[in-house]
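Have the structure open and try each task before reading its solution.

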Amino acid sequence: MELEPQESARSREVPGAGNRSTIYPWVVFALILGLMMSDYMSRQVLSSVFPVLKAEWHLSDSQLAGLTSVVALTVGVLALPISLLADRWGRVRSVVVMAGMWSAATILCAAAGNYAQLFGARFLIGFGEAAYASVGMAVILGVFSPRLHASLSGSVIGAGFLGSVVGVALGGILADRLGWRGAFLIMAAFGLCLVILFRILVNEQRLARHAADQQIPGTRAPGNGRAPISSLFTNASLTCAYVGAGMQFFVAGVLLAWLPSYFNRYHDMAAADAGLAASVFVLLIGAGTVLCGIAADRIGRRRPERRWSAAIAYGAISMVCLMIGFQLDNGPAQLTLIGIGAFFCSGFTGATTAVVASLSHPSIQASAFGVGTLANNVFGLALGPLVVGMMSDRLGLLGALQWVPLASVLSIVVLVLGVRLYPAGLRKLASVALKTSGETLEAPADALVSPA
């Protein structure tokens, strides 16, 4: 099989690049997905033991929310600096260290004797998880063609939600049988096993040998050299993708953290049953993330800017369904609408991640995803559960949940602005690539994106 010119040139630069396996990228994909599951299992098992901790330690909803939000806030604050280090220190090495840290911190959660100790252990989980999503995403997208980026990105985030399902559902069962400490220990063991497997099978040399061409629109070849980090903050369309996605994660973060307590309080379910019920809806969130990402790739196959439209549509559907669902009385109609809202509430993820990849230079993509992780956690996964916990202490949990879907309105407005700025954003990226590689544009600036 004859190599394309670009591929042939890269084969001469990377030893063994001509002997790529079609299976190895999928092995990397499977391991990154497994660790993403472990990440969220360690994070979300706490939600399933909320009722137990509340009764045992006499905690308020605000204190429970703090245990959730400290992880997301730590992830948000540290995602970018750790991603920057990973781009320079080595992405594979960084994944091993991060996964080992969050697994060890999960063991510390099991050993906690009071609220302060558990809070500290949760902080360490956040420290370990901080840049995993961004670095893991960069590892995967580096060995696959851009035409699959929305599908792959959605699958990675979907694995996180699947991990949440396992963490919530299995955590509730384990807490009933082994106590809440046993639940944390099982999650930690799963993570440590995957860390060892990843360390054996993945290294930087193999990733370089299987790297896919990441050509920047408007240039003749993949960008060479390292782009400045400042380019991630001077692209207006890229900023809109970050902020719009982060605001929509407000909704997903609330559902992940508070659905078990919602079913426990308003559907009269025991902790284990509430965890299982919530896990069904979390599974819907994960399935929607994957399937909506695949749909976004199909929608944007010929016109990439249509991925923005897909993200906007998913947010609008989720907002309407959740807003109506939490207003209805308990029953099949209510659960159906909440289920549909859950399915679409994170559907935007694959589309917006693919947009971020298309607007960022390959040399700093882990850092680009790190900025996205910062926005997702600060605007969404950290802020959402905390705000709802504070509102719940005043309005009741149901009253707080009825206001949550309105966060999608702000997200949609920002994403609409982002798609309008997308052509200018691609021209900005091409300009950065030219400065780092010394190339010239191969097409007029206004030809980088077809008319919307």
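**Exercise 1. What volume does the largest cavity have, and which residues lie nearest its centre?**

Step 1: The largest cavity has a volume of about 300 Å³. A cavity here is a set of points, on a 1 Å grid over the protein atoms alone, where a 1.4 Å probe fits but cannot get out. The volume is the space filled by probe spheres set on those points, which are joined across faces, edges and corners.

Step 2: This is a predicted model, where local features need pLDDT of at least 70 and side-chain atom pairs count only at pLDDT 80 or more, while totals for chains, interfaces and linings use all residues. Residues are numbered from 1 along each chain as its sequence is written, and side-chain values use heavy atoms, leaving out hydrogens and water.

Step 3: Lining residues have an atom within 4 Å of a point. There are 26 of them here, and I157, F369, G372, T373 and N376 lie nearest the centre.

**Exercise 2. Which helix supplies the largest share of that lining?**

Step 1: Helices are DSSP runs (H or I, at least four residues), numbered from the N terminus.

Step 2: Helices giving at least two lining residues each include α2 (24–48), α7 (132–141) and α16 (365–381).

Step 3: The largest share, six residues, comes from α16.

**Exercise 3. Which residues line the second largest cavity?**

Step 1: About 70 Å³ of space lies in this second cavity.

Step 2: Its lining is made of Y40, R43, Q44, T68, A72, G253, L256, A257, L381 and P385.

Notes
On a 1 Å grid over the protein atoms alone, a cavity is a set of points where a 1.4 Å probe fits but cannot get out, and a pocket is an open set with protein on both sides within 12 Å along at least five of seven lines; lining residues have an atom within 4 Å of a point.
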